[in-house]
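Here is a set of questions on helix packing, a sheet and a chain contact.

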Amino acid sequence: MNFHELLGKKLSGNLDTDLNFLKEIFENDDILRVRRINMTKGQECALLFLDGMVNNNVLNESVVRPILTFDSDIEGENVSRYVTLHILFAAEVSEQTLIDEMLRSMLYGDTLIIFNGDTTALTVNTKGWRTRGISEPSDERVLEGPREGFDEAAMLNMAMLRRKLPTPDLKAEYVRVGRRTDTRTFICYLSSLVNKRALDTLKKELKKIDIDGVLDVNYINELINSNRFSFFKTAGKTERPDIVAAKLLEGRVALIVDGTPVVLTVPYLFGENFQSDDDYYQNYIVAFIGRLMRYICFFLSITLPGIYLALITHHKQLLPTSFFITAADSRRGVPFQSILEALLLILIFEILRETGLRVPQSMGHALSIVGGLVIGQASVEAKIVSAPMLIIVAASGIAGLMVQKLKGAIFYGRIITVVLGNFFGLFGCFAGVTAMLSVVFSLKSYGSDYTAALNNISFQSLKDTVIRAPFYKMLTRPHSLSKNKYRQKRKKKL
Amino acid sequence: MKALKIFSVLMLVIALSGCSTLTEYTESEQVLLISAVGIDKAANGYTLTAEIVTEGNQQTLLSVTADSIDSLIPNLKKKAGIPLLLSHCGTVFISQDFNISDLSFLLQHLCSLYEFPLSSRLAVTNNCATLLNAKGLSSEPKGYAVLSILKNAKIDSRLFIIGRAHTNTLPFFIATNDYYLLKDSLWIIE
Amino acid sequence: MDNRINNFLPRIALISLFFIGNTVINLPFSQGITASLVGFAAAFIISTPLIIAFARYNPSGNTFSVILFCLYALFCGIVTLRNYVTFSDKIILPEISSFFPTLLFLALLWLICREKQSVLLKLSLIFCALVLTLIILLFFFSLDNMSLKALIPKTAVSLKDSLYQGVSYFGMSIAQSIVIAGLFKSNKKEMLSGYIIASLFLLICLLQSLATFGYTLITQLNYPYSAAMSVISFGDKFSRMEGFSYLLYFSCTLIKSAVCIISAKNTLTLRFPKVKKYFLPLVLGIYAIVSIFTKVFTNLPFLQVAPFMIIPPFVLIALKKKN
């Protein structure tokens, strides 16, 4: 039975009837627990909860004990109201009249109390499911700076965010998505800074979602993303509360989804792909080196194999003579054409990379031997591939690892430049890069230009792109994100 | 409708790729690398001797004759049968019986070949075929060995320098079967 | 929170690239080469008031003006495309036929022309920075190869040669800048800035070519600036820098062709809105046919093509003044 089948239904007021109805909903599900209690003066009630979802101590001390030990008269007709105000020790108690709302709370770890002769039930916060706990995200490690990471529980994540931004300006709007999972999501933003266009777009798109279940933020991301065929992501993801807080301070909107530690932040601009969490926790000069290297590595990882192919097939005159002789010698006896060789090596590199992510740690050592010795050395000696091509593809692969956020774009971009470079030489490589640039320039992320930094060329618009300006120079927020421009006042020189 | 449009464009591209010259490029190991050319004046025309670099930096020679200078390279291409790579030619040798009009014509012809490097050196020798056949001191191709000698001697006889300055003085190499030697004085072509 | 481009730099970059365009491929023009510097300087100085007039030009007007403007813009685009395709056929990709590189170029044009203007402006910004950096860097690397004596012509500079050179430069670059008026309303300062920057860099290219090869040798070369880059050497290993000339020519001709097509599209669709849907496929199809299946513009002497390049802008200005 689904929630929409229970829409509008209410309790009858007869305890036995209501209990039977609720048990029928949970037919064949053995985790429902029912505790009937005879209260004072003949009043009956029943507690319903799901085993494993509740904190038994809280349930016993805050709900069962006070009800059992109460022996005065219940005044007034409304039993549930009396129990809420005078009997229960719990901090959070809600009155519910609709069955679907009652079930939603119970399925999330609350305890449901139904009374004989009352159509209103109470839901008591007794949540006790275990979480993973706060730990450093494995994909977003920093050398210096906070090491907290989000958890799968949305409420805990909200609490972590509130600690970073203890201001009433921080708003968290609650939305439920997923017909069967009823996933709780929180749209978080700072109301005086937020990009209204992004906020309205996000809210509108969330309302349109009509799917069975949402188990991760990526479900939502793909359902609401307007750039469906783009290699470049237009929504940011992070597991770190400090990053989310920083993005909210720039006028972005964050979406916290229950059940996943990954938080979505929108709008997401192109320059963010090259930002690392470390950049803001280290000296800006050191950060500049890292940023610059990421841009260079991104460019190299996409173009290096394509340019090499273009040079050895169509523009042999551009290669230094000694290198050309070495490349030609190394290719003698290789049965494949250069393009097939390149594509094969790219494929093998991607296989090794993916395998490295998923293989158990105990096998990691064996994998590195296979990758290095067998595929590297043996294939060159057996003349299956040539050494220069192997080096070029490996170098571009390693360069691509510097910019993990763009791994999709790098992979497809590399394939495109390899194919175009092989058939059309350097012209093909330039055409491929230009096409990618055109796509990037035309993208929008929740109403903001993806490359908004180029809309208004000035130091303030470029201060956090290739360079990371020192904090005393970061006077304004990104112009395309927030109308509230200034983040710090200029200090007059003494 | 959109899917049909994309499908028809893809089919068109695939069909056109199949019957086009897109795959007619040559791989690096499928070309013959020319490191030096030597042009001798013969009784009934000219002889071109080309030094070709093969596998393992070994060198071999290929000779052709023609009535005029501008027919030499086409004849060489025909004789080789495999595409030639002239763009890495280090040195162009001419024999000492070249006159100024021969030199001008040669420069004009080489400049009109897009692939020919304008920065390759020009040098004179008693007999180009003898020089290119000489054993030499190192295993390096003679075109590049002579290029290094000329760079170290700081004689700038690059093709475009000679062409620009209209100079008729060129470095001169004495050649025998065993060795080749750069002379101190420059050779004057009249 | 606005997505408009609020800065004049992208527009100046676009204008500079437009002026550099396909002129940089053909510079210097081979006839009357000894007068190339004089002709260039004369064209630059005399055309400055015309640039201001072009900056003020508005292509909307009577139907004849609109159609003439569109045809002229498309003509400039096809000449640019054809210049690049010929260069590509001879130098970049001599082994394969020009069919596919042309199709690829047209596909790129389609990708750029169907997007908003901001895409073209941002592309121009990136390309302009790249092009100008390359020109300066390669000029400095080329200093060793250059000789000031080579710039001194051995014969006297005749008026006829100066006129030919000046008219060629005017026709290839300056006269065509009226097309920019169909893209956006550029103000006088932006147009002049772009013109001066482009002329300065074209002068650098011209000086580099002439000083490297001299007046006699340069007439034997088809693409002197590319050849001048091919003789640059940087240390022992790095030489043959003409790969950068491919990038330079590609950037300039792509931007210029895109400007011509978008300008024609904007002007025509203002008057005939129904044409908007079919304009781009139709124009690119015609470009493909003209580029691939005809030898137009490749072998024609410049003087035969010049009237079609030079006269229309004056006609357009005259029609505007009359209205």
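A crossing of two helices is right-handed if the near helix is turned clockwise from the far one by less than a right angle, and left-handed if anticlockwise. The model is predicted.

Q: Which hand does the crossing of H5(C) and H10(C) have?
A: Helix H5 (residues 99–113) and helix H10 (residues 242–271) of chain C pack with their axes 10 Å apart. H5(C) passes H10(C), and the crossing is right-handed.

Q: How is H5(C) set against H10(C): roughly parallel, roughly antiparallel, roughly perpendicular or oblique?
A: The two helices pack at an angle of about 55°. Roughly parallel needs an angle under 35 degrees, and roughly perpendicular needs 65 to 115. The angle of about 55° therefore makes H5(C), relative to H10(C), oblique.

Q: How many residues of the contact of H5(C) with H10(C) are nonpolar?
A: From H5(C) come C:Leu108, C:Leu109, C:Ile112 and C:Cys113. They meet residues of H10(C) including C:Leu254, C:Ile261 and C:Lys265. One residue of this contact is charged and one is polar; the nonpolar ones number eight.

Q: Which strands are the edge strands of the five-stranded open sheet of chain A?
A: The order is S1-S2-S4-S5-S3, with antiparallel pairing. An edge strand pairs on one side only. That holds for strand S1 (32–38) and strand S3 (93–96) of chain A.

Q: Is A:Thr126 buried or exposed?
A: A:Thr126 sits in the loop between strand S5 (121–124) and helix H5 (154–164) of chain A. Its contacts beyond four places in sequence include A:Phe49, A:Val63 and A:Asp110. The cut-off for burial is 20 or more other C-beta atoms within 10 Å. A:Thr126 has 23 such neighbours, so A:Thr126 is buried.

Q: What separates the C-alpha atoms of A:Thr126 and A:Val63?
A: A:Val63 is among the contacts of A:Thr126. The two are 63 residues apart along the chain, yet their C-alpha atoms are separated by 9.1 Å.

Q: Which element gives the most to the side of chain A that touches chain C?
A: Chain A puts 32 residues into the contact and chain C puts in 31. Helix H14 (407–442) and strand S12 (448–449) of chain A each give two or more residues. The most, 13 residues, come from H14(A).

Conventions. Residues are numbered from 1 along each chain as its sequence is written. Chains are lettered from A and ligands numbered from 1 in the order in which they are written. This is a predicted model: local features need pLDDT of at least 70, side-chain atom pairs count only at pLDDT 80 or more; totals for chains, interfaces and linings use all residues. Two residues are in contact if their C-beta atoms, placed from the backbone, lie within 7 Å. Helices (H or I, at least four residues) and strands (E, at least two) are DSSP runs, numbered from the N terminus. Axes are lines fitted to C-alpha atoms, for helices over the stretch in contact, and angles run from 0 to 180 degrees between N-to-C directions. Angles under 35 degrees count as roughly parallel, over 145 as roughly antiparallel, 65 to 115 as roughly perpendicular and the rest as oblique. Ala, Val, Leu, Ile, Met, Phe, Trp, Tyr, Cys and Pro count as nonpolar, Asp, Glu, Lys and Arg as charged, and the others, Gly among them, as polar. A residue is buried if 20 or more other C-beta atoms lie within 10 Å of its own, exposed if 12 or fewer, and partly exposed in between; C-beta atoms are placed from the backbone. Two strands pair if DSSP finds at least two bridges between them.
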